[in-house]
Amino acid sequence: MRHLAVLAALVALAAAGPRERRQTTEYERCQDGTKVCVPYYLCQDGKVITDGSGVIDIRTASGCSNYLDVCCADPHTTDPVTPDPGHVSRCGVRNYNGIDVRIQGFQGNETQVAEFPWMSAVLKKEVVSGEEINLYLCGGSLIHPSIVLTAAHCVNKHLSSDLRVRLGEWDTQNEYEPYKHQDRDVSAVVIHPRFNGSNLHNDYALLYLQTPAELSRNVDVICLDNNPTILAPHHNCLVTGWGKDRFGKKGVFQNVLKKIDLPYVPHGECQTALRTTRLGGFFKLDKSFLCAGGEAGKDSCSGDGGSPLVCLDATKTQYVQVGIVAWGIGCGTSNIPGVYADVLYGYDWIVAEADKLLASPVVDYWGYD
Ligand code: ARG
């Protein structure tokens, strides 16, 4: 997410230089005095890995002197709470104040813990020198306990057996969230038949989870609607993601999930704006796209691909997904909106394919009241 770089200020304060082949007892202490600095690949969700599994992504901003190190909790700390069996699922409900605790003092559009329970991370399982690690690919959204919606360009080159989805995640580098995240392997990937990898037309994909998510306070579905009532002129739309804070090499991926509110930009206006860029004066914005943003410094960015663009519905109690982060010309340039796969345009395909995946029609999760 653009303009959200504040966390980067946490980088590298201590004086000790990088050391090779460290013993556990030699690990540098983090600023808080309890955590230790370990190489990023030894830290999963804030805990030192003891079983050899991997991390979600290489992130910066660690508070350790070596930039490839991250602050990691002692492997002996206790596990957080497991899913809440008493949870009553309702799509699109935002936990404005987080769950259990509201974190004060955020400055850079950080979300609260579990504020957007449908937000998912699409990961790629990869084996690096004999160890399996999770590589962050893209964002996604839970639209049914067994189905995640993401962008086709995120997953079209990957086998379902290589993919994994993380639900209920918030801070990818720590595990102090009150509710545990849920990891699910993917057993099927369905790409829109008219997806075009060179221009990203019809950038829709569904991931079918090997076992359904356990809906909980931090894991729940987003609403889909074929005729959502979203109130102009403010629209109350926002995008969430772990993507980069700015375009290019200087941008860093985010540890804590970020959100940014975005104005909806009508199709014609967006096409006109995009024609002023290197796309040229004849550029035609496909019907499968919608646009949002165009305010300086407010945009999704690299790494946000597949993440949901959601808007508050007329009742103002539920969010409905209207877009999937697809592409942009740079990030956050004034008057150049970001481009999203239009979920309404793809609605019939999404619902039909989801129903096929579930083998029998599941009406409950498609409409909402
Ligand atoms: N294609 C990028 C990705 O998959 C998303 C870029 C979004 N860019 C933008 N300016 N909104 O991560």
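Guide: Welcome! Let us begin with two cysteines: both Cys-91 and Cys-223 are buried, a word that stands for under 20% relative accessible area, with exposed meaning over 50% and partly exposed in between (1.4 Å probe, protein chains only). This is a predicted model, in which local features need pLDDT of at least 70 and side-chain atom pairs count only at pLDDT 80 or more, while totals for chains, interfaces and linings use all residues. Residues are numbered from 1 along each chain as its sequence is written, and side-chain values use heavy atoms, leaving out hydrogens and water.

Visitor: What makes the link of Cys-91 and Cys-223 a disulfide?

Guide: The term requires a pair of cysteine sulfur atoms within 2.5 Å. For Cys-91 and Cys-223 the S to S distance is 2.1 Å, so the pair meets that definition. The link is right-handed, with 95° about the S-S bond. Cys-91 sits in the loop between β4 (69-72) and β5 (119-128), and Cys-223 in the loop between β10 (205-209) and β11, 132 residues apart. A search of the whole structure finds 5 disulfides.

Visitor: Why is the disulfide of Cys-270 and Cys-291 called left-handed?

Guide: The torsion about its S-S bond is about -75°, so the disulfide of Cys-270 and Cys-291 is left-handed. Cys-270 belongs to helix α2 (residues 267-275) and Cys-291 to strand β14 (residues 289-293). Helices (H or I, at least four residues) and strands (E, at least two) are DSSP runs, numbered from the N terminus.

Visitor: How do you know that Cys-270 is buried?

Guide: Its relative accessible area is 0%, and Cys-291 has 1%. Each value is under 20%, so Cys-270 and Cys-291 both count as buried.

Visitor: What makes β6 and β7 a pair?

Guide: Two strands pair if DSSP finds at least two bridges between them. β6 and strand β7 (residues 147-150) have 3 bridges, in the antiparallel sense, so they qualify. Within this pairing, Leu-142 stands opposite Val-148 in β7. Both strands belong to a closed barrel of 6 strands, which runs β5-β6-β7-β10-β9-β8 with antiparallel pairing.

Visitor: How many bridges join β11 to β12?

Guide: Strand β11 (residues 237-241) is joined to β12 by 5 bridges, and the two run antiparallel. Gly-241 has Lys-258 in β12 as its bridge partner. Strand β12 (residues 258-262) is mostly covered, with 4 of its 5 residues buried.

Visitor: Which residues touch the most other members of the largest nonpolar core?

Guide: Among its 71 residues, they are Leu-142, Leu-206, Leu-274, Leu-285, Trp-327 and Ile-350. Such a core is a set of buried Ala, Val, Leu, Ile, Met, Phe, Trp, Tyr and Cys residues joined through side-chain atoms within 4.5 Å. In soluble globular proteins, nonpolar side chains tend to be buried together.

Visitor: What does Trp-327 touch?

Guide: Not counting residues up to four places away in sequence, its contacts (heavy atoms within 4.5 Å) include Asn-199, Leu-274, Phe-283 and Leu-285.
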